[in-house]
Amino acid sequence: MAAPGENLKINGARLWDTIMEMAKIGPGVAGGNNRQTLTDADAEGRALFQKWCEDAGMTLGVDKLGTMFATRPGEDPDALPVYMGSHLDTQPTGGKYDGVLGVLGALEAVRTMNDLDIKTKHPIVVTNWTNEEGARFAPAMLASGVFAGELTLDYAYGRKDPEGKTFGDELKRIGWVGDEEVGARKMHAYYELHIEQGPILEAEGKDIGVVTHCQGLWWLEFTLTGKEAHTGSTPMEMRVNAGLAMARIFEMVQEVAMRAQPNAVGGVGQVTFSPNSRNVLPGKVVFTVDIRTVDQEKLDGMRDEIEARAAEICDALGVGCEVERVGHFDPVTFTPELVDNVRNAAEKLGYSHMNLVSGAGHDACWAAKVAPTTMIMCPCVDGLSHNEAEEITQDWATAGAEVLCHAVLETAEIVD
């Protein structure tokens with residue numbers, strides 16, 4: 001078996017052009033993208049990705065959740081494929097690189113293999129997972145969660161967006177229901193390239209993040225029920241104020257997260273008031289608490305404390321309190337052998353690197369349940385992500401894709 005030499009380079013300009021071409025689909029209002037899952041823009045992005053994969057000589061398979069698998073054949077028909085990829089869906093005010101770099105960087109790796117006529121023992125598959133973001137249909141990483149057997153197909157089909165449209169109906173509407181059973185594919189290994197979505201790599205001046213772990217997560221959706229009443233004429237002592245209960249819970253979440261330091265976070269990013277009128281106390285407040293840490297015991301301890309103390313806060317104010325656990329995955333330790341492949345590739349190519357723990361969730365977290373898995377990260381400017389101002393450089397993208405290409409070839413085994 002041959003090893004990829006350090007002179008094996010991807011075409012960074014071609015990768016960058018491909019990313020910019022995808023960014024034209026579902027443009028945002030401030031330079032980023034709004035290509036939410038199962039929208040018309042998502043369908044258009046999928047079609048373009050399919051064309052590029054077919055132009056690169058790959059064959060496309062699609063499963064019943066719309067996840068796309070583009071295969072480059074290997075020399076051994078019995079060898080399990082090496083997978084790489086990420087997602088093409090975005091936040092409502094998302095950037096051009098979150099997820100997209102991982103899919104198109106993987107495509108560029110295959111194009112480079114084609115350019116150099118590199119043959120591998122194992123087939124290589126480029127993957128676009130459906131609904132990684134969870135912005136339109138919670139939870140995040142929905143399709144990969146079903147693939148890993150952690151969620152059911154019926155559960156995924158029944159998820160609703162804020163307008164009440166179901167995932168299953170919208171998948172049919174855009175024409176991307178495949179015929180493959182979800183999770184039927186077997187993986188030899190899975191690699192995922194991603195922007196860091198945090199400030200560490202840029203601050204440390206490193207080209208590559210060698211991702212060793214991923215934080216676990218709980219999303220707790222609270223529904224608080226108060227009593228709608230006039231804000232001006234209802235005496236303070238006679239209010240059933242769901243908004244006040246929410247505020248006290250917010251403060252409590254901050255306290256719990258700070259007490260769980262180091263390496264723990266907690267906060268709220270979404271709130272819905274009803275009726276959401278200036279002079280009406282809310283009858284209902286819905287919000288989601290997001291807590292994360294790489295320590296399993298700490299993660300579950302934070303969840304239990306937040307749920308218990310929220311109930312006490314609401315009880316003291318006479319406010320109803322219901323909690324639904326709408327998203328979860330345990331902390332992940334990535335496969336040491338694959339982590340070493342990433343580190344060795346960075347060193348061979350002359351890229352500076354450091355170990356990282358991913359603060360965000362990724363499809364790799366679920367893939368790790370069914371196959372050896374790891375991730376590669378490149379910096380992003382000011383650590384900004386889930387924002388239209390998200391930015392990376394062409395050099396960072398190139399470095400990440402080159403490390404991905406070398407690590408995947410190490411696992412897929414070059415054939416002379």
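Good morning. I shall begin with a group of rings: Phe-69, Tyr-83, Trp-129, Phe-147 and Tyr-190 together make up one aromatic cluster. Please bear in mind that the structure before you is a predicted model.

How many aromatic pairs does a search of the whole structure find? The search returns ten aromatic pairs. One of them joins Phe-69 and Tyr-83 in an edge-to-face arrangement, with 6.1 Å from centre to centre and 85 degrees between the planes. This pair links distant parts of the chain, since Phe-69 belongs to strand E2 (residues 68-72) and Tyr-83 to strand E3 (residues 82-86), 14 residues apart. Phe-69 and Tyr-83 are both buried.

I turn now to Trp-129 and Phe-147, which also form an aromatic pair; it is edge-to-face, at 5.2 Å centre to centre, with the planes at 80 degrees. Trp-129 is found in the loop between strand E5 (124-128) and helix H4 (142-147), while Phe-147 is in helix H4, so the pair ties together parts that lie 18 residues apart in sequence.

Are these two residues, Trp-129 and Phe-147, buried or exposed? Residues under 20% relative accessible area are called buried. Trp-129 has 2% relative accessibility and therefore counts as buried. Phe-147, at 7% relative accessibility, counts as buried because of that value.

Arg-111 lies over the face of Trp-52, 5.8 Å from the ring centre. The ring of Trp-218 has the charged end of Arg-325 over it, 5.3 Å from its centre.

Thank you for your attention.

How values were computed. Residues numbered from 1 in each chain as written. Predicted model: local features only at pLDDT ≥ 70, side-chain atom pairs only at ≥ 80, totals over all residues. Heavy atoms only, no water. Phe/Tyr/Trp six-rings, centres within 6.5 Å; stacked < 30°, edge-to-face > 60°. Helix = DSSP H or I, 4+ residues; strand = E, 2+ residues; numbered from the N terminus. Buried < 20%, exposed > 50% of the residue type's maximum accessible area, 1.4 Å probe, protein only. Lys NZ or Arg CZ within 6 Å of the ring centre and 35° of its normal.
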